[in-house]
Amino acid sequence: MCAASSSHIENNISLQRDGIAAFETLYKKYWYQLYCVAVKYTSSAPDAEELVQNLFEKIWRNRASLQVKNWGAFLTVSLRNMVIDFHRKQSLKNKFLTNYQPLSASSSMEEEPDQEQLLVLIENHLHELPEKTQTIFKLSRYEHKSVKEIAGHMQLTEKAVEYHITRSLKLLRQHLRNYLNTWFTLL
(Lines give C-alpha, C1' and ligand atoms only; values in the text may rest on other atoms or scores of the structure.)
Protein backbone atom coordinates (compact mmCIF):
# COMPACT_ATOMS: atom_id res chain seq x y z
CA MET A 1 0.00 0.00 0.00
CA CYS A 2 2.56 2.59 1.09
CA ALA A 3 5.68 2.75 -1.04
CA ALA A 4 8.62 5.08 -0.70
CA SER A 5 8.37 8.21 -2.79
CA SER A 6 11.19 8.70 -5.26
CA SER A 7 10.47 12.36 -6.01
CA HIS A 8 13.12 14.94 -5.21
CA ILE A 9 12.06 16.99 -2.21
CA GLU A 10 12.76 20.70 -2.10
CA ASN A 11 14.00 22.10 1.19
CA ASN A 12 14.01 25.77 0.24
CA ILE A 13 10.26 26.15 0.75
CA SER A 14 9.34 29.20 2.83
CA LEU A 15 5.82 29.46 4.20
CA GLN A 16 6.40 33.09 5.18
CA ARG A 17 7.53 34.04 1.68
CA ASP A 18 5.36 31.80 -0.48
CA GLY A 19 2.27 31.34 1.72
CA ILE A 20 -0.47 28.98 0.61
CA ALA A 21 1.41 27.86 -2.52
CA ALA A 22 4.35 26.69 -0.40
CA PHE A 23 2.00 24.97 2.03
CA GLU A 24 0.24 23.14 -0.80
CA THR A 25 3.62 22.04 -2.16
CA LEU A 26 4.62 20.66 1.23
CA TYR A 27 1.28 18.95 1.66
CA LYS A 28 1.35 17.30 -1.75
CA LYS A 29 4.96 16.15 -1.42
CA TYR A 30 4.87 14.86 2.13
CA TRP A 31 1.32 13.91 3.06
CA TYR A 32 1.34 10.39 1.68
CA GLN A 33 4.85 9.62 2.92
CA LEU A 34 3.97 10.82 6.44
CA TYR A 35 0.67 8.95 6.32
CA CYS A 36 2.50 5.70 5.52
CA VAL A 37 4.86 6.19 8.45
CA ALA A 38 1.95 7.00 10.76
CA VAL A 39 0.03 3.88 9.64
CA LYS A 40 3.11 1.79 10.36
CA TYR A 41 3.38 3.09 13.92
CA THR A 42 -0.31 3.36 14.82
CA SER A 43 -1.65 0.32 12.93
CA SER A 44 -4.70 2.39 12.17
CA ALA A 45 -5.44 4.24 8.95
CA PRO A 46 -7.94 6.66 10.57
CA ASP A 47 -5.54 7.47 13.43
CA ALA A 48 -2.67 7.92 10.98
CA GLU A 49 -4.74 10.23 8.80
CA GLU A 50 -5.77 12.30 11.82
CA LEU A 51 -2.17 12.59 13.07
CA VAL A 52 -0.87 13.76 9.70
CA GLN A 53 -3.77 16.16 9.29
CA ASN A 54 -3.11 17.59 12.77
CA LEU A 55 0.56 17.99 11.91
CA PHE A 56 -0.23 20.03 8.80
CA GLU A 57 -2.80 22.10 10.69
CA LYS A 58 -0.16 22.89 13.31
CA ILE A 59 2.33 23.88 10.61
CA TRP A 60 -0.23 26.18 9.00
CA ARG A 61 -1.10 27.83 12.34
CA ASN A 62 2.61 28.40 13.13
CA ARG A 63 3.74 29.25 9.59
CA ALA A 64 4.73 32.82 10.48
CA SER A 65 7.32 31.68 13.03
CA LEU A 66 8.67 28.53 11.34
CA GLN A 67 12.25 28.70 10.07
CA VAL A 68 12.83 25.25 8.52
CA LYS A 69 15.83 24.34 6.40
CA ASN A 70 15.07 20.64 5.95
CA TRP A 71 11.33 19.98 5.69
CA GLY A 72 11.76 16.22 5.41
CA ALA A 73 13.62 15.98 8.72
CA PHE A 74 11.36 18.54 10.40
CA LEU A 75 8.16 16.76 9.38
CA THR A 76 9.54 13.34 10.28
CA VAL A 77 10.60 14.43 13.76
CA SER A 78 7.34 16.29 14.29
CA LEU A 79 5.32 13.24 13.27
CA ARG A 80 7.46 11.01 15.49
CA ASN A 81 6.69 13.25 18.47
CA MET A 82 2.98 13.21 17.63
CA VAL A 83 3.03 9.40 17.41
CA ILE A 84 4.75 9.21 20.81
CA ASP A 85 2.05 11.50 22.27
CA PHE A 86 -0.61 9.38 20.57
CA HIS A 87 0.73 6.18 22.15
CA ARG A 88 1.08 7.88 25.53
CA LYS A 89 -2.56 8.98 25.40
CA GLN A 90 -3.66 5.54 24.22
CA SER A 91 -1.74 3.93 27.08
CA LEU A 92 -3.37 6.23 29.64
CA LYS A 93 -6.78 5.62 28.11
CA ASN A 94 -6.26 1.84 28.18
CA LYS A 95 -4.96 1.97 31.74
CA PHE A 96 -8.01 3.95 32.82
CA LEU A 97 -10.41 1.61 31.01
CA THR A 98 -8.67 -1.42 32.55
CA ASN A 99 -8.92 0.02 36.05
CA TYR A 100 -12.40 1.43 35.62
CA GLN A 101 -15.01 -1.23 35.90
CA PRO A 102 -18.55 0.09 36.03
CA LEU A 103 -20.55 -1.37 38.85
CA SER A 104 -22.98 -3.99 37.66
CA ALA A 105 -26.63 -3.97 38.59
CA SER A 106 -26.02 -6.95 40.86
CA SER A 107 -23.41 -5.11 42.95
CA SER A 108 -24.13 -4.89 46.62
CA MET A 109 -24.73 -1.51 48.21
CA GLU A 110 -21.40 -1.76 50.07
CA GLU A 111 -19.49 -1.89 46.78
CA GLU A 112 -21.09 1.25 45.33
CA PRO A 113 -19.31 4.52 45.96
CA ASP A 114 -21.23 6.76 48.28
CA GLN A 115 -22.15 9.55 45.90
CA GLU A 116 -24.28 11.27 48.49
CA GLN A 117 -21.33 11.35 50.88
CA LEU A 118 -19.17 12.86 48.14
CA LEU A 119 -21.78 15.56 47.45
CA VAL A 120 -21.94 16.37 51.18
CA LEU A 121 -18.15 16.65 51.30
CA ILE A 122 -18.17 18.96 48.28
CA GLU A 123 -20.86 21.16 49.80
CA ASN A 124 -18.99 21.32 53.14
CA HIS A 125 -15.78 22.41 51.48
CA LEU A 126 -17.52 24.87 49.17
CA HIS A 127 -18.65 26.76 52.27
CA GLU A 128 -14.99 27.65 52.87
CA LEU A 129 -15.13 29.81 49.75
CA PRO A 130 -16.69 33.26 49.32
CA GLU A 131 -20.38 33.25 48.40
CA LYS A 132 -19.73 34.52 44.86
CA THR A 133 -17.26 31.68 44.19
CA GLN A 134 -19.75 29.14 45.54
CA THR A 135 -22.50 30.50 43.32
CA ILE A 136 -20.30 30.44 40.22
CA PHE A 137 -19.18 26.87 40.96
CA LYS A 138 -22.79 25.70 41.39
CA LEU A 139 -23.91 27.41 38.17
CA SER A 140 -21.01 25.80 36.32
CA ARG A 141 -21.09 22.30 37.73
CA TYR A 142 -24.66 21.73 38.89
CA GLU A 143 -26.60 23.76 36.33
CA HIS A 144 -24.07 23.19 33.50
CA LYS A 145 -23.94 26.86 32.53
CA SER A 146 -21.12 28.02 30.27
CA VAL A 147 -18.55 30.57 31.39
CA LYS A 148 -20.13 33.09 29.03
CA GLU A 149 -23.62 32.48 30.45
CA ILE A 150 -22.38 32.81 34.03
CA ALA A 151 -20.48 36.00 33.18
CA GLY A 152 -23.62 37.54 31.68
CA HIS A 153 -25.82 36.38 34.57
CA MET A 154 -23.48 37.67 37.27
CA GLN A 155 -22.24 40.73 35.35
CA LEU A 156 -18.60 39.63 35.49
CA THR A 157 -15.90 39.16 32.90
CA GLU A 158 -15.34 35.66 31.56
CA LYS A 159 -11.82 35.76 33.05
CA ALA A 160 -13.31 36.48 36.50
CA VAL A 161 -15.68 33.52 36.16
CA GLU A 162 -12.80 31.25 35.11
CA TYR A 163 -10.82 32.45 38.12
CA HIS A 164 -13.65 31.56 40.54
CA ILE A 165 -14.16 28.13 38.95
CA THR A 166 -10.42 27.40 39.06
CA ARG A 167 -10.26 28.54 42.68
CA SER A 168 -13.12 26.27 43.74
CA LEU A 169 -11.77 23.27 41.81
CA LYS A 170 -8.34 23.76 43.37
CA LEU A 171 -9.83 23.79 46.86
CA LEU A 172 -11.94 20.71 46.17
CA ARG A 173 -8.99 18.86 44.66
CA GLN A 174 -6.94 19.53 47.78
CA HIS A 175 -9.64 18.45 50.23
CA LEU A 176 -11.04 15.51 48.29
CA ARG A 177 -7.76 14.02 47.08
CA ASN A 178 -7.66 11.34 49.79
CA TYR A 179 -11.31 10.45 49.38
CA LEU A 180 -11.04 10.13 45.59
CA ASN A 181 -7.76 8.20 45.72
CA THR A 182 -9.34 5.71 48.11
CA TRP A 183 -12.45 5.45 45.97
CA PHE A 184 -10.51 4.84 42.73
CA THR A 185 -8.25 2.22 44.28
CA LEU A 186 -11.32 0.29 45.42
CA LEU A 187 -12.59 -0.04 41.86
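**Salt bridges and side-chain exposure**

Reader: Is Glu123 buried, partly exposed or exposed?
Author: In this predicted model, the relative accessible area of Glu123 is 23%. Buried would require a value under 20%, and exposed one over 50%. Glu123 therefore falls in between, and the class is partly exposed.

Reader: Which side chain meets Glu123 in a salt bridge?
Author: The N to O distance in this salt bridge is 3.5 Å. The pair links distant parts of the chain, 15 residues apart, with Glu123 in helix H4 (residues 115-126) and its partner in helix H5 (residues 131-141).

Reader: What separates Asp85 and Arg88 in helix H3?
Author: Their side chains form a salt bridge, 2.9 Å from N to O. Asp85 is partly exposed at 35% relative accessible area, and Arg88 is partly exposed at 49%. Both residues belong to helix H3 (residues 71-99) and are three residues apart, so the separation is about one helical turn.

Reader: Which class does Lys159 count as, buried or exposed?
Author: Lys159 forms a salt bridge with Glu162, with the closest N and O atoms 4.0 Å apart. Both residues lie in helix H7 (residues 158-186), three residues apart. Glu162 is partly exposed at 35% relative accessible area. Lys159 has 65% relative accessibility, and because the cut-off is over 50%, its class is exposed.

Reader: How many salt bridges does the count come to?
Author: The rule asks for a side-chain nitrogen of Lys or Arg within 4 Å of a carboxyl oxygen of Asp or Glu. By this rule, the number of salt bridges is three.

Key:
Residues are numbered from 1 along each chain as its sequence is written. This is a predicted model: local features need pLDDT of at least 70, side-chain atom pairs count only at pLDDT 80 or more; totals for chains, interfaces and linings use all residues. Side-chain values use heavy atoms; hydrogens and water are left out. Helices (H or I, at least four residues) and strands (E, at least two) are DSSP runs, numbered from the N terminus. Buried means under 20% relative accessible area, exposed over 50%, partly exposed in between (1.4 Å probe, protein chains only).
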